[in-house]
Amino acid sequence: MTIAHNHYLHVKKSARVFEEASNLPDQKIRNSQRLAALDFHSEKKLFNDSCASHGCDHRVTCRRDSAALDSEIRIKVSLETNLNFRIPSLIVSLRPPRIPPQSLSDVAVDMHCHTTESDGDRTAEEQLQEAARVGLEAIWITDHDVIRDLPRTRDIQAAARKAGVEVGFGVEITVDWEKKEHHLLGYFPDYVWSGSKLTPAMLRLQTAVAKVKVSRENRNNKMVAFLNDVLSSEQGKSYFMSADLYASFKPIVVTEVASWAAINANLMEPSSLGRPHFRAYLIEVVGIIDALIFGPRAGDGIATILDDGQITYDDPSQHDGIRVEALMHSATLAKREIAFKPLPIKEAIDLINAAEGRAVLAHPPTLGSAWKEKVGDLVSAGLWGIEAFSSEIDEENHDIISNLANKYDLVMTAGSDNHGTLKIYAHLGEVKRHGTAAYADLEYWARYGLRQSKQLHDKEL
């Protein structure tokens with residue numbers, strides 16, 4: 001009964017931590033509302049399951065105190081004695097003793113990747129096999145605007161056990177923030193998938209993101225019409241790898257792209273057809289120059305084709321050449337109101353939190369510059385974390401993000417944003433690590449936190 005007893009000691013100790021923390025000033029607990037109760041329920045389940053597996057009759061119970069304020073919870077721990085602890089506020093997270101990695105070679109978690117169920121070209125099972133191949137211990141699958149049904153979730157969990165890689169489930173929701181399309185990550189603890197059906201809150205989130213996917217289909221139709229106009233025009237010559245390819249261009253058809261992607265890019269669901277699939281089609285079928293499709297995420301998407309054929313997105317005033325727009329850069333599409341209807345970001349945060357998840361701002365550098373002054377507003381709305389390490393966050397941007405994370409008590413997360421082979425710069429498990437200590441703390445949270453013990457590492461990150 002050692003395991004059960006260890007759980008008991010941990011719960012008892014954590015309850016004391018709550019009690020001792022009750023005198024913290026309000027600003028110290030602002031970012032931890034709703035977290036502690038969730039964490040305690042996770043630890044309670046671990047303890048009770050462990051007792052049951054050892055034939056032990058002891059249980060931990062948790063109930064609301066009807067005489068207390070809404071933010072108060074009374075925890076009753078039962079083993080050899082009954083101990084009552086009042087928790088005046090939801091303050092800190094429970095967690096096991098910290099065992100930090102000894103070096104960066106121990107960092108083996110990727111918290112942001114995609115599958116064929118959104119716009120990647122590897123199935124979830126293939127991503128798990130790739131994760132095992134490159135030496136990862138855990139991945140989080142964060143497909144765009146997808147909340148899976150339980151049967152599919154459990155299929156993937158079974159594949160993870162077979163591959164020897166742990167898997168967590170999240171979502172990357174397309175959101176509207178300050179009239180600009182962006183992405184918000186949501187991470188969910190294991191127990192939300194452990195019931196006989198999804199909770200009502202999770203079903204509401206599933207419905208909301210499904211509507212976003214339908215809106216994406218409408219965007220694709222408008223985008224294809226724009227591409228056909230540009231590529232068939234005189235200016236369109238500049239986008240092709242050769243004059244012969246330009247001369248033989250035939251209008252693009254959405255259904256043909258989807259059919260091609262199903263065979264060549266492992267697209268499983270036509271409603272998940274996204275810009276990475278179009279990019280692959282434009283390169284391999286149409287013959288478009290890769291550098292003129294997306295361009296850098298930041299900036300206005302205006303490229304200069306130099307006299308020697310080189311392409312630059314630097315200040316156009318510094319170069320002579322042909323000016324063209326990157327075909328599917330977000331700014332290019334926004335000018336023509338080619339967009340789908342994303343969720344308002346605060347609504348998305350509310351939906352994630354209601355479903356017992358954690359809302360994290362994805363790849364902030366893609367937002368431009370104004371976001372830094374406005375992130376505090378999202379914190380007040382319930383934002384929990386910010387992606388601080390990724391395949392495209394350089395050291396300068398990481399420093400900006402980490403300073404904001406410290407200012408607002410946000411948890412820093414990391415992920416490659418891998419889409420299989422569709423993003424050539426984003427390889428599974430390869431994340432720019434700026435500072436050993438900071439990344440080690442992140443890795444601890446990902447490996448021993450929400451993923452394994454189902455606890456959350458608190459703001460000490």
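Residues are numbered from 1 along each chain as its sequence is written. Because the model is predicted, local features need pLDDT of at least 70 and side-chain atom pairs count only at pLDDT 80 or more, while totals for chains, interfaces and linings use all residues, and side-chain values use heavy atoms, with hydrogens and water left out.

The structure holds six aromatic pairs, where rings of Phe, Tyr and Trp (its six-membered ring) pair if their centres lie within 6.5 Å, and planes under 30 degrees apart count as stacked, over 60 as edge-to-face and the rest as tilted. Among them are these two:

| Pair | Centre to centre | Between the planes | Geometry |
|---|---|---|---|
| Phe169 and Trp193 | 5.8 Å | 70° | edge-to-face |
| Phe188 and Trp193 | 6.1 Å | 80° | edge-to-face |

Ring pairs link Phe169, Phe188 and Trp193 into a cluster. Phe188 counts as buried because its relative accessibility is 0%.

In helix H4 (residues 124–133), the buried residues are Ala124, Gln127, Leu128, Glu130 and Ala131. They cover an arc of only 160° around the axis, so they lie on the same side of H4, the arc being that of the directions from the helix axis to the C-beta atoms. The face turned away from this buried side carries the exposed residues Gln129 and Arg133.

Notes:
Buried < 20%, exposed > 50% of the residue type's maximum accessible area, 1.4 Å probe, protein only. Helix = DSSP H or I, 4+ residues; strand = E, 2+ residues; numbered from the N terminus.
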